[in-house]
Amino acid sequence: MRRFARTTLTAALLYSVAGIGAHAQETPDELDTRIGKLTFESGYPSKETVAKLYDEMDFQRASQAYLWGIPAVGLNEWRKAHFNVFKAKNGEMLSYLDFAEKLGILTPNYTTPYIATFIDLKESGPMVVVVPPGLIAGMVLDQWQRVMADLGVVGPDMGKGGKYLILPPGYGPVEAEGYFVIQSTSRDVLAGFRLLDADKEKAIAELIPQIKTYTWTLDGTGEPMPVRAAGDVKWTQMPPHGMAYWAYWDSLNEVIQREPVEERDRFMMAQLKFLGIEKGKPYQPDERQKKILQDGAIVGEAMAKANTTDKRVEPPFWEGTNWKHALVVATDQKANTYDQLDERAAWFYEAVVISKAMLTQTPGVGQRYIASYKDADDAWLSGENNYRLHVPADPPAKGFWSVTAYDESTRQMPVTEQGRPDISSRKEDIVKNEDGSIDVYFGPTAPKGHEANWVQTNADKGWFAYFRFYGPTEPFFDKSWSLPDIEKVK
C-alpha cells in the first residue's frame, strides 16, 4: 500500500513538472496590448519592442512625475516671482491687498488681505517671523507645502501674537526663550498670513505695521524688515503648462537640486533619472527625453484636471449635489497607510498653501472651502451661460462667507470688465430675499434688477466656484444647512 502511494505521488509530481515546463515554453511571437503590438524572438522582446517598452515606461513615469511635482513647482514659481519679479529681499514680507496684486495667485479670496514671504534658509540662516496679536491666520510651509506650523488664532500663540524662529534643515536643536521654534524640513519656506477682521482697512492699518522678519543667531538678531506692498506688476505662480512643458521640468529640477531628498521620494528619484533629472547632475535631456517629457507634461496636466475637477478621492459634501471639499489633502500629506498623491495634486493644481485652520473641525474657528465645477444638470460651468446660486438664509459662518468664480484655465481670478470675481456677506449692497436667502448670479452680462448680486464671467471660458465659510458653525458640520447646486438660467 505504501509503495503504491509513493508511486502515485511520484507520477503526480512528474506530471505537474512536465505541465509547468510545457506551459513555460508557450511564448507567443506577438502580443496585442494597449500600447500596440509587441514582438518577441525566442521569447525575448525584439529590438523594436525594447525601445517601445522603455519609451512607454518613461512616458508613464513622466506623467506621474508631473502629478507628484505639482505642490513643489507651484510654490517654486511663487518663490521665483518673489525674488525676480517683485525684487524682494530674502525673508521680506510682501502684502497682496488688491485685485492686481492677487491676480497671480491660484484661487485667492478676493476680499481677504494676504501677506507672505519666501525664506532661503541656506542663505539667511535662522529667520524670525513676528506675528502681532489679532484676527490673523497664517502658516509656515516647506517646499512641498506641508504645514510646519500654524500662525495666529489657530497657532501656538492663539491670536495673542508671538515670535516664530524657523531653523534650517539640520540646524539645532537650540534653546530660544521667548520664541516658538520651527524645525524646517526644506531649504525654502513660505511664511504667510491672511487678515480676518471684519474691518479690513482697520486691520491693514493696525496689523501690517507690526509684522516683521529678521535673522537670528546665538549672538544676536538682524535688522527687522517691515512689510511692503507687492505692487501692481504682472506675475503668476501657476505651474507652467501646455507647450511650455520645459519650464515645468526646469522648475521641478530646480527644486530637486535645491532641496534634500526625502525617504518617501527615493523611488521617484530613480524614475526621474532616466528622464534626465538627477540630483547633483546637470539637467540636459536628450531629444528622446525632451519628447517624452513634453508628452508626459501634456497628459499629466490633463490627468491633474480630471483629478481636481471630477474628484474620485472625495464624495459630494452635500448628498445629491456637485459640491465637494476643495481641500482634500492633509496638512502633512499622509493617510493611514500611504502618503497622499492624488489628494495633494487635486488641491495644489488649483490652489496654493494649506493650514490646519483651513481644515478646521472646531465650530466658529478657521475656514472651510467647498468647490463646484458643474451645474445642477451635471454640465460643466461655462462662461457664456447665465446661472443662479440660491444661498439659503443664515449660512453657517461666524465670520463671513463668500462665493468666488475662478478661471478654469489659469485657476486664478477671471479678468473681466466688472473687476470683481465674488459675492460675500461683507458686500454692503448685497440684496436679500424676504426669507433672508440670497440669490447670486453668474454670467457674461448682468441680469436686470440683480446687478448687485452678479459676478461676471468670460463668455469663451470655463469657470468654477469656491464657497468659503470663515468660522464655520455647527450647521455646517452636521449638514443641517446645505447649499444647492448652481442652476443654469434657461
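1. Does Phe476 count as buried or exposed? In this predicted model, Phe476 has a relative accessibility of 1%, and because buried means under 20%, Phe476 counts as buried. Phe317 also counts as buried, with a relative accessibility of 8%.

2. The structure holds 33 aromatic pairs. In one of them, the ring centres of Phe317 and Phe476 lie 4.9 Å apart and the planes meet at 25°, so this pair is stacked. Phe317 belongs to the loop between helix H8 (287-309) and strand S16 (324-325), whereas Phe476 belongs to helix H10 (residues 474-477), so the pair ties together parts that are 159 residues apart in sequence.

3. A second stacked pair is formed by Phe400 and Tyr470, since their ring centres are 4.3 Å apart and their planes are at 5°. Phe400 lies in strand S19 (residues 397-407) and Tyr470 in strand S23 (residues 463-472), so that distant parts of the chain, 70 residues apart, are linked by this pair. Both Phe400 and Tyr470 are buried.

4. Ring pairs also join residues into a cluster, whose members are Phe317, Trp318, Trp323, Trp401, Phe467, Phe469, Phe476, Phe477 and Trp481.

5. Turning to charged pairs, the count comes to 27 salt bridges. One of them is between Lys37 and Glu30, whose closest N and O atoms are 3.5 Å apart. Lys37 is partly exposed, with a relative accessible area of 45%, and Glu30 likewise counts as partly exposed, at 45% relative accessibility.

6. The side chains of Asp120 and Arg258 meet in another salt bridge, with an N to O distance of 3.1 Å. This pair links distant parts of the chain, with Asp120 in strand S5 (residues 114-120) and Arg258 in helix H6 (residues 245-258), 138 residues apart. Asp120 counts as buried, at 8% relative accessibility.

7. A salt bridge is also found between the side chains of Asp439 and Arg388, at 2.9 Å from N to O. Asp439 is in strand S21 (residues 438-443) and Arg388 is in strand S18 (residues 387-391), so this pair too links distant parts of the chain, which here are 51 residues apart. Asp439 counts as buried at 11% relative accessibility, whereas Arg388 counts as partly exposed at 24%.

8. A last point concerns Thr107, which is placed in the loop between helix H3 (99-102) and S5. Thr107 is buried, with a relative accessible area of 6%. Leaving aside residues up to four places away in sequence, Thr107 touches Glu350, Ala351, Tyr406, Arg411, Gln412, Phe464, Tyr466 and Arg468.

Methods. Residues numbered from 1 in each chain as written. Predicted model: local features only at pLDDT ≥ 70, side-chain atom pairs only at ≥ 80, totals over all residues. Heavy atoms only, no water. Phe/Tyr/Trp six-rings, centres within 6.5 Å; stacked < 30°, edge-to-face > 60°. Helix = DSSP H or I, 4+ residues; strand = E, 2+ residues; numbered from the N terminus. Buried < 20%, exposed > 50% of the residue type's maximum accessible area, 1.4 Å probe, protein only. Salt bridge = Lys/Arg side-chain N within 4 Å of Asp/Glu carboxyl O. Contact = heavy atoms within 4.5 Å.
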